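I'll jot things down in the order I looked them up.

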Amino acid sequence: MNQEPIAHTSEDGRRQPLYDHLTGTAKQAAEMAAEFGCAEWGYLAGLWHDLGKFSPDFQRYIRATSDTEAHIEGSKVGRVDHSTAGALYALEQLKIAGRILTYPIAGHHAGLADWESDTTGGAALSQRLRLTDKLAAAREGNIPPDILNHSLPTERPKPGADPAHWIRLLFSCVVDADFLDTEAFLKPDKAASRENYQELSNLLPLFSDYMRKKQANARNTKVNRIRAEVLLRCIAKAAEPPGIYTLTVPTGGGKTLSSLAFALHHAVKHNKRRVIYIIPYTSIIEQTADQFRTIMGEAVIEHQSNLDVSDERKDS
């Protein structure tokens, strides 16, 4: 096939070159994975995640169909397994260490698979890696040498680190990078709306101003004096080195706002990029998210099972 391989087709007939998609996904995955010390692994996961799209079968299908989701694997007639090839190639190049990449590459559409499982059967990763014809088919598409021969990673998990943790992180990186690169091509307007997030250094003054006004209007009671003391201690502790901290305060003692004070001050002090709250019970999540939105507006992203996403403002 002499035509340039493509990865996606848009509703208006545009075509994204497969090479651009692989290298674009690789760059974004590497940037994300650098936060965890595995940028080189992230780059390869992104670079090889769609090797199967080089296969003549996939290229014939995506060029002939009007299905704008032809790039998504699934049971729909004609859709081609394009994730197994990259997993096989990672194993071929990295041997046993390649298993770190086989999981996120093979699972970037369907999710992380079990290695062996009575319930997943043929979907188990060990079974999929027996489908060597998938890699052979991809190679028929004349994969560019710089994709196949990219330097192998030198990074290694630290002694005592759990490789499964790396696998999950890499999976998250390659899935996000794949989605974002695809979205940038198919829906550039929506992709542009993801920019210009508020920095935590801009949110901290909003929080501090809110707390000053709240305390100025608070009555001089014993409970409020205790709340103020808890707040000051949390802010003081935020200057200490990153680690594990606990906050034990009775109900009504101001834990929600004091913990946010610690989180914002600590994050700004140590150049952290996100504050993530993980809370049991959806009712408490909703209350906390509402409280934080009162202070920081749209900078708060709420994610829980009861969230109503019918509001288009929540779709970005």
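This is a predicted model: local features need pLDDT of at least 70, side-chain atom pairs count only at pLDDT 80 or more; totals for chains, interfaces and linings use all residues.

My entries below go from the whole chain to single residues.

**Entry 1: the whole chain**

I looked up the secondary structure and got 14 helices and two strands for the protein chain. I then took the box around the C-alpha atoms along the principal axes, and it came to roughly 80 × 50 × 35 Å. The chain has 316 residues, and 40% of them count as buried. I also checked contacts with a separation of 6 or more: 67% of those in the chain are between residues 24 or more positions apart.

**Entry 2: α1 against α2**

Next I picked a helix pair. How do α1 and α2 pack? Helix α1 covers residues 18-33 and helix α2 residues 39-48; I have them at an angle of about 155 degrees, with their axes 7 Å apart. Angles over 145 degrees count as roughly antiparallel, so that is what I wrote down for α1 and α2. The crossing of α1 past α2 is right-handed.

I listed who makes the contact. From α1 I have Leu22, Thr23, Thr25, Ala26, Lys27, Ala29, Ala30 and Ala33. From α2 I have Ala39, Gly42, Tyr43, Gly46 and Leu47.

**Entry 3: what sits on α2**

I stayed with α2 and asked how many of its residues are buried. The count is eight of ten, which makes α2 mostly covered. My list of the buried ones reads Trp41, Gly42, Tyr43, Leu44, Ala45, Gly46, Leu47 and Trp48. What covers them includes α1, and also α4 (84-94), α5 (99-106), α8 (145-148) and α9 (163-186).

**Entry 4: aromatic pairs**

I searched the whole structure for aromatic pairs and got five. I wrote up two of them.

One is tyrosine 245 with phenylalanine 262, a tilted pair at 5.2 Å centre to centre with 55 degrees between the planes. Tyrosine 245 is in the loop between α12 (222-237) and α13 (255-269), while phenylalanine 262 is in helix α13, so the pair ties together parts 17 residues apart in sequence. Tyrosine 245 has a relative accessible area of 31%, which puts it down as partly exposed.

The other is tyrosine 277 with phenylalanine 292. Their ring centres are 5.0 Å apart and their planes are at 70 degrees, so I logged the pair as edge-to-face. This one links distant parts of the chain too: tyrosine 277 is in the loop between α13 and α14 (282-296), phenylalanine 292 is in helix α14, and they are 15 residues apart.

**Entry 5: charges over rings**

I looked for charged ends lying over rings. Arginine 99 has its charged end over the ring of tryptophan 115, 3.7 Å from the centre. Arginine 14 lies over the face of phenylalanine 185, with 4.6 Å to the ring centre.

**Entry 6: positive phi**

Last, I went through backbone angles. Asparagine 271 has a phi near 60 degrees; it lies in the loop between α13 and α14 and counts as exposed at 68% relative accessibility. Tyrosine 281 has a phi near 75 degrees. I found tyrosine 281 in the loop between α13 and α14, and at 62% it counts as exposed.

Definitions and conventions: Residues are numbered from 1 along each chain as its sequence is written. Side-chain values use heavy atoms; hydrogens and water are left out. Rings of Phe, Tyr and Trp (its six-membered ring) pair if their centres lie within 6.5 Å; planes under 30 degrees apart count as stacked, over 60 as edge-to-face and the rest as tilted. Helices (H or I, at least four residues) and strands (E, at least two) are DSSP runs, numbered from the N terminus. Buried means under 20% relative accessible area, exposed over 50%, partly exposed in between (1.4 Å probe, protein chains only). A charge sits over a ring if NZ of Lys or CZ of Arg is within 6 Å of the ring centre and within 35 degrees of the ring normal. Axes are lines fitted to C-alpha atoms, for helices over the stretch in contact, and angles run from 0 to 180 degrees between N-to-C directions. Angles under 35 degrees count as roughly parallel, over 145 as roughly antiparallel, 65 to 115 as roughly perpendicular and the rest as oblique. A crossing is left-handed if the near helix is turned anticlockwise from the far one by less than a right angle, and right-handed if clockwise. Contact means heavy atoms within 4.5 Å.
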